[in-house]
Amino acid sequence: MLQQQFLVRSLGATGNQFNRRLMQETKVMSKEADSEKILKAITPSLDPSKHKGQAGKVAVIGGCREYTGAPYFSAISALKIGADLSHIFCTKDAAPVIKGYSPELIVHPILEESYTIRDEEKGSFSEKVHTEINKWMERFDCLVVGPGLGRDTFLLDCVSEIMKHARESNIPIIIDGDGLFLVTNSLDLISGYPLAVLTPNVNEYKRLVQKVLNCEVNEENAPEQLLSLAKGIGGVTILRKGKTDLISDGKTVNSVSIFGSPRRCGGQGDVLTGSVAVFLSWARQSIRAAEGDLNISPRNPTMLGCIAGAALVRKAASVAFEHKRRSTLTSDIIECLGKSLEDICPAI
């Protein structure tokens, strides 16, 4: 105690000032990720000896009567980056529209909103949904939950059961959009699940902070607060989207600030979810193939997937903006995904 008082007097500071200085010196800082090194390490080269499906099978849970673009953007982005198969599980109203966007996607019209089902039929219908999805679940490398999902209570209840089964099957789950609305109100769905990834925008992040940390967003200590939030949900990975993307799994904080575009057209977050899904799947494959001896940091596949996905989408957005400027749309960014990845990781 005497030594501390002497140190305080020597620094010419009061006890409170000393404590503040000490907190500043030990403040959590984010580390800029070596995105290109990570992309090169986890992106597989094209190999003619491999068969369909080995480069990734992604499923998107989303798409309802009002929102059909978001699940399409997510699923098609996964294909454009290099996944072999991309599925969408959506409502029957949304399916014909989504199928019309592209024949490349496998669309399952098995979900329903409450207005289409009588109360006495809901129990049996839920069982049918789960039986159908369970037939497919084990085939998927990653699930994306939320793009265009909507907030119908019956639909969200069905999706909750799908998420529980994915968790039991140890399948990574990327959660965005209305999926974040669902888990913010039902944190037990993902709490303590290390293969869960949340990708909130500014408003979604604010609601998570208020719910979990019971405070407001603190921009001055953003990395430290993000670390606390990821810890507070039991070690899930959170990709906080922004001018600089911040990513934490409750153990470390990385940032991705390379590239980017000032254009903020809707749908870019959906592209990100599809991208993260593919790279997370590839990261898990790379770690298994290297038997844990992968010479990159961090080693957590969810962190690697988020860093790679964020970096590639930012690069594609910057390339699209160079050509389209103010008229840049999400579809333009999607068309730049393949070339952007090729520039960093040649296919052959």
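Visitor: What makes helix α11 (residues 268–289) mostly covered?

Guide: Of its 22 residues, 18 are buried, where buried means under 20% relative accessible area with a 1.4 Å probe, protein chains only. Bear in mind that this is a predicted model: local features need pLDDT of at least 70, side-chain atom pairs count only at pLDDT 80 or more, and totals for chains, interfaces and linings use all residues. Residues are numbered from 1 along each chain as its sequence is written, and side-chain values use heavy atoms, with hydrogens and water left out.

Visitor: Why is α11 called a helix?

Guide: A helix is a DSSP run of H or I with at least four residues, while a strand is a run of E with at least two.

Visitor: Why is strand β3 (residues 85–91) called largely enclosed?

Guide: Because six of its seven residues are buried.

Visitor: What makes strand β2 (residues 57–61) and β3 a pair?

Guide: Two strands pair if DSSP finds at least two bridges between them. β2 and β3 have five, in the parallel sense, so they qualify. Val-60 stands opposite Ile-88 in β3.

Visitor: What makes the unit of β2, helix α4 (residues 69–81) and β3 right-handed?

Guide: With the strands pointing away from the viewer, the path from the first strand over the helix to the second has to run clockwise. This β-α-β unit is right-handed by that rule.

Key
Buried < 20%, exposed > 50% of the residue type's maximum accessible area, 1.4 Å probe, protein only.
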